[in-house]
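Dear colleague,

I am passing on the structure below, and my notes on it follow directly after. Please read them alongside the coordinates.

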Amino acid sequence: MSSEPLLRIRDLQVEAGGLPRVHGVSLDVGEGCFHGLLGPNGAGKTTVLRVLYRAARARAGTIALAGRPMRDWTPRDWARATGALVQESGLLSGLSVRDVVEIGLARSGLPPEACAARIDEALALVGLAERQDQDASTLSGGEQQRTHMAQLLARDPALYILDEPTNHLDLHYQLVLLDEVKRRGRTVLATFHDLAMAARYCDSVTVMADGRSVASGAPGATLTPELLRRVYSVEAQLDGALLRLDGPVRRDPR
Ligand SMILES: Nc1ncnc2c1ncn2[C@@H]1O[C@H](COP(=O)(O)OP(=O)(O)OP(=O)(O)O)[C@@H](O)[C@H]1O
């Protein structure tokens, strides 16, 4: 692992809907590391990721990938080096499952046989090889998520940006797909609500609340009962990748 992180974010500030939503977040993700971006609803996790996949612009701060500031990357090169699994991505009606996966390789420069092999492998990984000709818009929510994941796995970018990757997935595919991402040893920045899954996969985490980073480090050392009470308002304890949930912290009625 090199000493220079693959992804470096410094003092990131982002506005959304005309208001500041991210107020100076910094984090590093080392090459080959799986980093979790955690925090309760509305903490600003997706807003950070949206800047990384160029759906939003930073108001201030710096982002560097492989030591190069984001502003120095052409959009095309940035899109080649990164790949995002986003929430509410939807699928275009009229495209087959295979088409969706293939579109991800459109500008890869790979020869057709290599593209076909990658698509076959990705479809097999997500369990949709036999349904590759089905109209993608007719898939269930979990099957659509698996199709998007297949597109990403076929592309296999240097940086995976995953917004709630376990969304809609049954337990089997949560494990199969994240095991595969982990096995590849790629650099990952992923949001999770499931803290047990975060503890299972993440080498390190950043916990956000109200648009700020409030803690970071190894999952076991970071997700302490005190932090879970303060940030998530739950009485809970993480033991390895097991989360014992005792209940919500009682809040006074307003
Ligand atoms: N376009 C927008 N217009 C108004 N408010 C927005 C907009 N985008 C984000 N916000 C607000 O910014 C805050 C952070 O949103 P964000 O989606 O980043 O949170 P999150 O941590 O990903 O939450 P969740 O876990 O619920 O997905 C929220 O309060 C959200 O309502």
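Of the contacts in the protein with a separation of 6 or more, 65% are accounted for by residues 24 or more positions apart, where two residues are in contact if their C-beta atoms, placed from the backbone, lie within 7 Å. Please bear in mind that this is a predicted model, in which local features need pLDDT of at least 70 and side-chain atom pairs count only at pLDDT 80 or more, while totals for chains, interfaces and linings use all residues. Residues are numbered from 1 along each chain as its sequence is written.

As to overall dimensions, the C-alpha atoms fill a box of roughly 60 × 40 × 40 Å along the principal axes.

The protein has nine helices and twelve strands, which are DSSP runs numbered from the N terminus (helices H or I, at least four residues; strands E, at least two). Helix α5, residues 141-155, has 13 of its 15 residues buried, so it is largely enclosed by the rest of the structure. Just after α5, Asp156 takes a positive phi of about 50°.

The axes of α4 (residues 112-125) and α5 come within 8 Å and cross at roughly 140°, these axes being lines fitted to C-alpha atoms over the stretch in contact, with angles from 0 to 180 degrees between N-to-C directions. The two helices are therefore oblique to each other, as the angle is not under 35 degrees (roughly parallel), over 145 (roughly antiparallel) or 65 to 115 (roughly perpendicular). Where they meet, Arg118, Ile119, Ala122, Leu123 and Leu125 in α4 face Ala150, Leu153 and Ala154 in α5 as contacts.

Finally, Ala196 lies in helix α7, residues 195-201, and is partly exposed, with 18 other C-beta atoms within 10 Å. Leaving aside residues up to four places away in sequence, Ala196 touches Ala241, Leu242 and Leu243.

With kind regards

Note on methods
A residue is buried if 20 or more other C-beta atoms lie within 10 Å of its own, exposed if 12 or fewer, and partly exposed in between; C-beta atoms are placed from the backbone.
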